[in-house]
Amino acid sequence: ELSDAARRLNDLARHGALERAFQRTKEVALLAEALTSTRRASVLLVGSSGVGKTALVHELVHRFEEKGAAPEEKGVEVYTTSGARIIAGMRYLGQWQERVQRMIQELRVRRAVLHIESLAEFLMTGDPGNGLDAPRYLLPAIEAGEVTVVCEATPDDVARAERTHPAFVQALKALRIDPLRGDAAMIALTSVANAIGRSRRVRFNPDALVRAMDLTERFGDGTA
């Protein structure tokens with residue numbers, strides 16, 4: 001059922017198809033500890049759009065796939081999904097509940113992590129009035145520690161969710177992801193440029209990267 005409703009990110013990492021998160025060692029370590037320690041906790045990554053929340057999850061998968069990974073991290077599977085994907089093809093009331101239940105069972109057996117791409121999209125999935133409320137159906141498994149979830153959200157998403165689904169938000173441990181600044185942002189930008197250059201056989205002028213960084217800090221939100 002997981003293969004129908006989610007995609008295993010480990011496969012993409014093994015084929016070099018997942019982006020990296022540079023200069024995020026501390027954040028990746030905190031995320032890994034929360035998700036894999038004996039007191040496993042589901043995590044809510046909170047940060048502005050474009051700050052690198054998804055890249056952080058991808059970097060975590062790379063960490064799990066490393067030969068020198070810690071015993072509690074080695075081989076941990078991460079599946080990514082969305083509310084729309086979970087209920088895709090479900091025509092009748094009860095079908096999606098059965099799918100979610102099977103997903104929970106598979107995740108529990110595999111001790112896998114479920115990555116939900118967008119908290120806002122997931123909470124708006126379906127029609128609660130007709131019993132189609134995936135978040136409330138998944139919540140008991142999260143609260144019981146049967147399923148470990150990592151979810152992405154902006155601060156505005158969290159504020160809305162605290163009004164509409166307070167119990168779901170409270171079941172997740174918030175981890176704030178701030179934008180990279182200064183030297184760290186420049187190093188990350190250079191690392192990304194180098195990675196793109198190797199894969200596409202192009203070269204970025206260092207002066208152009210400095211200019212791009214300057215323009216971002218002056219006219220953008222300063223995220224990297």
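Begin by selecting Ile86, Val100, Met103, Leu107, Leu114, Phe122, Ala134 and Leu138, which line the largest cavity. The model is predicted, with pLDDT of at least 70 needed for local features and 80 or more for side-chain atom pairs, whereas totals for chains, interfaces and linings use all residues. Residues are numbered from 1 along each chain as its sequence is written, and side-chain values use heavy atoms, without hydrogens or water.

**The cavity.** A search of the whole structure finds 1 cavity of 30 Å³ or more; its volume is about 50 Å³. Here a cavity is a set of points on a 1 Å grid over the protein atoms alone where a 1.4 Å probe fits but cannot get out, and lining residues have an atom within 4 Å of a point. Grid points are joined across faces, edges and corners, and the volume is the space filled by probe spheres set on them. The lining comprises 8 nonpolar residues, with no polar and no charged ones (nonpolar: Ala, Val, Leu, Ile, Met, Phe, Trp, Tyr, Cys and Pro; charged: Asp, Glu, Lys and Arg; polar: the others, Gly among them).

**α6 and α8.** Next, select α6 (95-110) and α8 (134-143), each of which supplies at least two lining residues; the largest share, 3 residues, comes from α6. Helices are DSSP runs (H or I, at least four residues) numbered from the N terminus. α6 and α8 pack at an angle of about 30°, with their axes 11 Å apart (axes are lines fitted to C-alpha atoms over the stretch in contact, and angles run from 0 to 180 degrees between N-to-C directions). The two helices are therefore roughly parallel, a term for angles under 35 degrees, while 65 to 115 counts as roughly perpendicular. In α6, display Trp96, Gln97, Val100, Gln101 and Ile104; they contact Ala134, Tyr137, Leu138 and Ala141 of α8 (heavy atoms within 4.5 Å). This contact has 7 nonpolar, 2 polar and no charged residues.

**α3 and α4.** Finally, move to α3 (residues 25-36) and α4 (residues 53-65), which pack at about 70° with axes 10 Å apart. That angle makes α3 roughly perpendicular to α4. Select Glu27, Val28, Ala29, Leu31, Ala32, Leu35 and Thr36 in α3, which meet Leu56, Glu59, Leu60, Arg63 and Phe64 in α4. The contact residues divide into 8 nonpolar, 1 polar and 3 charged.

Conventions. 1 Å grid on protein atoms, 1.4 Å probe; cavity = no way out; pocket = protein on both sides within 12 Å on 5 of 7 lines; lining within 4 Å. Parallel < 35°, antiparallel > 145°, perpendicular 65-115°, else oblique.
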